[in-house]
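Reader: I'm new to reading structures, and I'd like to know where the labels come from. Can we go through them one by one?

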Amino acid sequence: MPAASAPLETCPLELPAASAPLETCPLELPVMPDPSSCPDAPPDDDEPPALWPILRPLLLPYFAPGLLRAAGQMTLNPFVALYARELGATDSGAGAAVSMVSLATFCLSPAAGLVSSRLGLRLAMGLGVCVNICAALVGAAAGSYYWLVASRLLQGVGNVLFQISRQTFLTAVVPKPARGRASALQAFTLKAGGVVGPTIGGSVSHRVGLPSLFWLAAAVHAATLALLWLFFPRGGAAAAAGTARPSGPAAAAPPSVRAMLC
């Protein structure tokens, strides 16, 4: 057996002495001033403005005509198919008569935007309501199915003129932070008209007959036109912006239709 090797000599590891502790320097942070102590500080742009001061000037010129017109339209619309059947149309013909309004709206929306920018919002909305009155009178005097179809096409023309001008007016006079809530109130007026209109239309048609609904719609549209003529600002969105928009640096000039389309 070979002899055991000699044990290895260990070399002690000398560690360097610990350095002196570092001196810490306290960090002084600047003290932010209290916003309440700065009376001249500008308001926060992200805070939504109060809604009632913005919408109050628009109740009579904007929301009331929309509510009245929606009620007049929905007084008539659910019973058009029944009236078409009464005039001798088939089921498919009755459905086609109902869809004529959407067809006219689909085809004429770009042209309605141009008409609104040329005539101004007040005249374009009034023209749309006048076309709706003519459409209701044609439907009331319709002696055949084709006259009813013509009445529905005219109603679509009036609808697109009124709706595009109305939406342009809302976009122009309501500031951006409050625009969503204003649009929600606009949708509420449309749905409220959709609730009231068919109930009244069903009661009237049961007692007087289906053609009477067209006369009722013409009368409601005439009342809508009177509201627009009396309360809608003659300067359109430019005149209403001074009362609907908040005063101060946040107020800005309303955009033009061309600027919104480009």
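This is a predicted model: local features need pLDDT of at least 70, side-chain atom pairs count only at pLDDT 80 or more; totals for chains, interfaces and linings use all residues.

Reader: What makes Asp91 count as exposed?

Author: The cut-off for exposed is over 50%. Asp91 has 59%, so Asp91 is exposed.

Reader: And what is Arg85, with its 46% relative accessibility?

Author: Buried means under 20% and exposed means over 50%, with partly exposed in between. Arg85 sits at 46%, so it is partly exposed.

Reader: Why is the meeting of the Arg85 and Asp91 side chains called a salt bridge?

Author: The label asks for a side-chain nitrogen of Lys or Arg within 4 Å of a carboxyl oxygen of Asp or Glu. For Arg85 and Asp91 the N to O value is 3.3 Å, so the pair qualifies. As background, side chains of opposite charge can pair when their charged atoms come close. The structure holds one salt bridge.

Reader: Are Cys130 and Cys134 buried, partly exposed or exposed?

Author: Cys130 has a relative accessible area of 33%, and Cys134 has 43%.

Reader: What makes Ser151 buried, then?

Author: Its relative accessibility is 1% and the cut-off is under 20%, so Ser151 is buried. Ser151 lies in helix H6. Leaving out residues up to four places away in sequence, it touches Ala135, Val138, Gly139 and Phe214.

Reader: Which residues touch the most other members in the largest nonpolar core?

Author: That core has 20 residues, and Leu76, Tyr83, Ala84, Tyr145 and Phe214 touch the most other members. At least two residues each come from helix H3 (80-86), helix H4 (91-119), helix H5 (121-140), helix H6 (145-173) and helix H8 (211-231). H8 gives the most, with four residues.

Reader: What does Tyr83 contact, beyond its neighbours within four places in sequence?

Author: Tyr83 is in contact with Gly139, Ala140, Ala142, Leu148, Leu210, Pro211 and Phe214. There is also a second, separate core of 18 residues, including Ile133, Phe162, Phe169 and Val174.

Reader: Where does UniProt place the "transmembrane region" feature?

Author: The unreviewed UniProt entry puts it at residues 94-115, 127-148 and 213-232. In this model, residues 127-148 are 82% helix and 0% strand, with the end C-alpha atoms 21 Å apart. Residues 213-232 are 95% helix and 0% strand, and their end C-alpha atoms are 27 Å apart.

Reader: How many helices and strands does the protein chain have?

Author: There are 10 helices and zero strands. Of the 262 residues in the chain, 36% are buried. The chain exposes about 16,000 Å², and carbon and sulfur atoms supply 68% of that.

How values were computed. Residues are numbered from 1 along each chain as its sequence is written. Side-chain values use heavy atoms; hydrogens and water are left out. A nonpolar core is a set of buried Ala, Val, Leu, Ile, Met, Phe, Trp, Tyr and Cys residues joined through side-chain atoms within 4.5 Å. Buried means under 20% relative accessible area, exposed over 50%, partly exposed in between (1.4 Å probe, protein chains only). Contact means heavy atoms within 4.5 Å. UniProt positions are given in the numbering used here, feature names are shortened, and annotations may be inferred rather than shown by experiment. Accessible areas come from the Shrake-Rupley method with a 1.4 Å probe; for residues, only the protein chains shown count as cover.
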